[in-house]
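Work through the exercises below with the coordinates loaded. Each task is followed by a stepwise solution.

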Amino acid sequence: MAARKTLYLGTFVHSESLTELEFLYDGAVFVNESGTIVAIQGPCEEAKVKEMMFPRLGWAEADVDIVRAKDGEFFFPGFIDTHIHASQYPNAGIFGQSTLLDWLNTYTFPLEASLADPAKARRVYSRVVRRTLAHGTTCAAYYATIDAASTNLLADLCLAAGQRALIGRVCMDQLSPDYYRDASPEAAMAATRQTIEHIRAVDPQMEIVRPIITPRFAPACSMDLMRQLAELANEQNLPIQTHISENVNEIALVKSLFPPSVTGATPTDDNGQDPTSYASVYDAAGLLNDRTILAHAVHLTEGEARLVARRGAKVSHCPCSNSALGSGAARVRWLLDRGIVCSLGSDVSGGYSPSVLEAARAAVLVSRHVAQGAAAAGQAAEEEADRQKLSVEEVLYLATRGGAEAVGLAGKVGGFEVGMEWDAQLIGLGVVGEDGEVEEQDGGDGNVDVFGWESWPDRVAKWVYTGDDRNTKRVWVKGRLVHERK
């Protein structure tokens, strides 16, 4: 929690809607000791802000810390990573020529299994938490491993560092190596309950860390296990995360593993839904609801999209990993048009970077490939194909407010409004002087150069396309400073 009241002064940028950023210049945001925004003031000089607002809020100047954004700096909401495998972080950037299923067996399962070693788990998890905070990620939906003790350690480390996190103990009882799987559905449930109990013990109000039910993906889980996990999620009102329709071979595998005789589904439902589709398998297990985060959704059918939208499940778009593993290009506009809430996931380590900013950048570029593919294949007229392209404004919405909705924190984080909590990052861009040089402390060690004639929307676009963690100067979660670039 924030130890003192804090007044933030400068330029503030956040998503007002999916397509529009709001800019507050020379603004003031007042945050109380508990990290909640209690007032926002429009353009005004600092002295007048203090004179007018401190008495109104009952604040004494001696009790208030002041943080001022300098020229070239602005405050932006913290990023929300809705899909990241903390246990895979050492493998970021390593995937060779693999596709999804080969990559799991070659790289992923051996690494995850090795984190049953507490010392190794601490080393890996400590680093991924610090690294994601440095990239401005104030909240992450983490997959850990099947080991309950190391999963609990991840929760402890996130809590200590102050990073909001949904912590998932991975469940998998089939189609995985003998050395790395749950012995039975009952064993998986027992270990999952251990993690839930641990998180409730260390953060009783679940203000910073929360458990999330995590069936790895349908091929690795029996129907019995998925149904028991769904019952547990409903019993304790917990969120759920899993993968869906990432790779065409994976989809075919799901169809072969879960015929109606296994799922109990009828040949067709009232909505004409294919009972053997990936989404139908999860629905038959009871895993699709408005607390569910579905990663990827690259190859959803029209019927599946209707089902996902009807259940209120959310999608985590993972453009970096979809590109790196050759899984395909998710049609985000198509998903949005069908009423599905979308967010962004780094998907480390299928994704090569723990940066949500990198995911936002990739989301823009991938959407252009989707548009080009639709036009080239004659699937859409030029104007309709062009609609598939995502804008800078839209991907920043996915990275903040879309993410907040996906993790169940809509209205609490993801923007700057009275009553919301101060999860924010201070972004510094390099301001180029008359001599062509940039002071290092002003962002001169990064790639973004601002000459002064750019509009603020153009400055933000420069940051999205060319920025990285060197531009992330400070990060706060619930008013607490959790990262500061030295």
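**Exercise 1.** In the open sheet of four strands, find the strand order and the edge strands.

*Solution.*
- The model is predicted. The strand order is β12-β13-β14-β15, and the pairing is parallel.
- β12 (240–244) and β15 (342–344) each have a single partner strand, so one side of each lacks a neighbour in the sheet. These two are the edges.
- From one strand to the next, the twist averages 30 degrees.

**Exercise 2.** Describe the pairing of β12 with β13, and find the strands that helix α15 touches.

*Solution.*
- β13 covers residues 292–296 and pairs with β12 in the parallel sense, over five bridges.
- Within this pairing, Gln241 stands opposite Ile293 in β13.
- Helix α15 (residues 392–406) packs on the sheet and touches β13, β14 (314–317) and β15. Its direction makes about 110 degrees with that of β15.

**Exercise 3.** Classify the ring pair of Tyr8 and Phe75, then that of Tyr8 and Trp476.

*Solution.*
- A search of the whole structure gives 23 aromatic pairs.
- Tyr8 and Phe75 lie 5.7 Å apart, centre to centre, with 80 degrees between the planes: edge-to-face. Tyr8 is in β1 (residues 5–17) and Phe75 in β5 (residues 73–77), 67 residues apart.
- For Tyr8 and Trp476, the centres are 5.3 Å apart and the planes stand at 80 degrees. Planes over 60 degrees apart count as edge-to-face, so this pair is edge-to-face.
- Trp476 belongs to β19 (residues 472–477), 468 residues from Tyr8.

**Exercise 4.** Are Tyr8 and Trp476 buried or exposed?

*Solution.*
- The cut-off for buried is under 20% relative accessible area.
- Tyr8 has 1% relative accessibility, so Tyr8 is buried.
- Trp476 has a relative accessible area of 4%, so Trp476 is buried.

Methods
Residues numbered from 1 in each chain as written. Predicted model: local features only at pLDDT ≥ 70, side-chain atom pairs only at ≥ 80, totals over all residues. Heavy atoms only, no water. Pairing = 2+ DSSP bridges. Axes fitted to C-alpha atoms, helices over the stretch in contact; angles between N-to-C directions. Contact = heavy atoms within 4.5 Å. Phe/Tyr/Trp six-rings, centres within 6.5 Å; stacked < 30°, edge-to-face > 60°. Buried < 20%, exposed > 50% of the residue type's maximum accessible area, 1.4 Å probe, protein only.
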